[in-house]
Amino acid sequence: HESANMATASTSSLIEHRAQLSIYNQDEQHHRKTSIICTIGPATNSVEKLTELREAGMSIVRMNFSHGSYEYHGSVVDNTRKSVTEFPLLGKTTAIALDTKGPEIRTGTVEAGEVELVTGSEVTVSVNSNDFAKCSASLIFMDYANLPKVMNVGDRIFIDDGLISLEVLSINGDRLQTKVLNSGTLSSKKGVNLPMVDVDLPALSAKDKADLKFGVEKDV
C-alpha cells in the first residue's frame, strides 16, 4: 500500500490525490476543512519560501494588487507554480488568488506631515482638487467628487478605519462642514469610509479591470 500512497506525489489535483490514498495507511495526514491564505511579500516570494509555507499549511497564495508591479506579481505566480511542480507535497493543491484594489476614497496629503484633530473642533471637508495638498487641522481633502451629493446633515465620515470620526453639520457646494467626534492623528492619504451611505463609486475601477486582464493572461 505504500507504493499507492507514493504515487500521489505525481497527481495533478486534490481529487486525484484523494482517490489514490490507501485506507490502510495510518500515517496519512488529516485534510483540513478550512484554508490558510497567505499574502506574499518580497520576503516570501521565492520558490524556497513558498515551499516552506506550503509545507506549513498554506492553501492559497494571495497577491495584493493595491501594491506592487505586474512584474512582481508575475514572479509570485511563476514561483508558486515552480514550487508546486518541483515539490508536489503528495499532490496538495495550492491556489492563487488575485485581490484587486477595488473602489476607495482617500484623504489628500497633510502639509505638516501629520496633524491632531481634537474632539469638538470643526473641520471643513473639501472635494476640490486644488485642496489635495492642503490638509490640516481645519481642512481635509477627500477624493470623492460626489461626496456632497450623497451625504446628509448628521451623517458620519470615518477616516483611517474609524480612528477619526466626523459628523456632517452642513453642506455647501463642494465643501462639508463637520465636527470631530473623537480625537486622532491624521496623516496623508488615509482611507475614508461612509457608513450607511449609498456610495455611487463603480464596482470596478480602470485599474481593477487592467489587473483582472493581467490575471487572465497569467491563467489565474
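Just after helix α3, G57 adopts a positive phi of about 120°; helices here are DSSP runs of H or I of at least four residues, strands are runs of E of at least two, and both are numbered from the N terminus. The model is predicted, so that local features require pLDDT of at least 70 and side-chain atom pairs count only at pLDDT 80 or more, whereas totals for chains, interfaces and linings use all residues. Residues are numbered from 1 along each chain as its sequence is written, and side-chain values use heavy atoms, with hydrogens and water left out.

Helix α3 spans residues 47-55, and V47, L50, T51 and R54 are buried in this helix (buried means under 20% relative accessible area, exposed over 50%, and partly exposed in between, with a 1.4 Å probe and protein chains only). These residues lie on the same side of α3, because they cover an arc of only 100° around the axis, the arc being that of the directions from the helix axis to the C-beta atoms. The cover over the buried residues of α3 includes β2 (60-64) and α4 (70-86). T51 counts as buried because its relative accessibility is 6%. Leaving aside neighbours within four places in sequence, T51 is in contact with S83 and F87, where contact means heavy atoms within 4.5 Å.

Helix α4 also packs against helix α6 (residues 206-217), at an angle of about 35° and with the axes 11 Å apart. Axes are lines fitted to C-alpha atoms, for helices over the stretch in contact, and angles run from 0 to 180 degrees between N-to-C directions. Y70, H73 and G74 of α4 and K207, A210, D211 and F214 of α6 make the contact.

An open sheet of three strands has the order β1-β2-β3, with parallel pairing; two strands pair if DSSP finds at least two bridges between them. β1 (37-39) and β3 (95-99) are at the edges with a single partner strand each, so one side of each is left without a neighbour in the sheet. On average, neighbouring strands of this sheet are turned by 30° against each other, direction ignored. Five bridges connect β2 and β3 in the parallel sense, and M63 has L98 of β3 as its bridge partner.

β6 and β10 run antiparallel and are joined by five bridges; the partner of V123 in β10 is T178.

The largest nonpolar core has 26 residues, of which I140, M142, L147, M151, I157, L166 and L194 touch the most other members. A nonpolar core is a set of buried Ala, Val, Leu, Ile, Met, Phe, Trp, Tyr and Cys residues joined through side-chain atoms within 4.5 Å. Elements that each supply at least two residues of this core include β5 (114-117), α5 (147-150) and β8 (156-159). The largest share, three residues, comes from β9. Apart from this core lies another, of 12 residues, among them C38, I40, F65 and V77. Beyond four places in sequence, the residues touched by L166 include V125, I140, M142, I157 and V180, as well as D155, R156 and K179.
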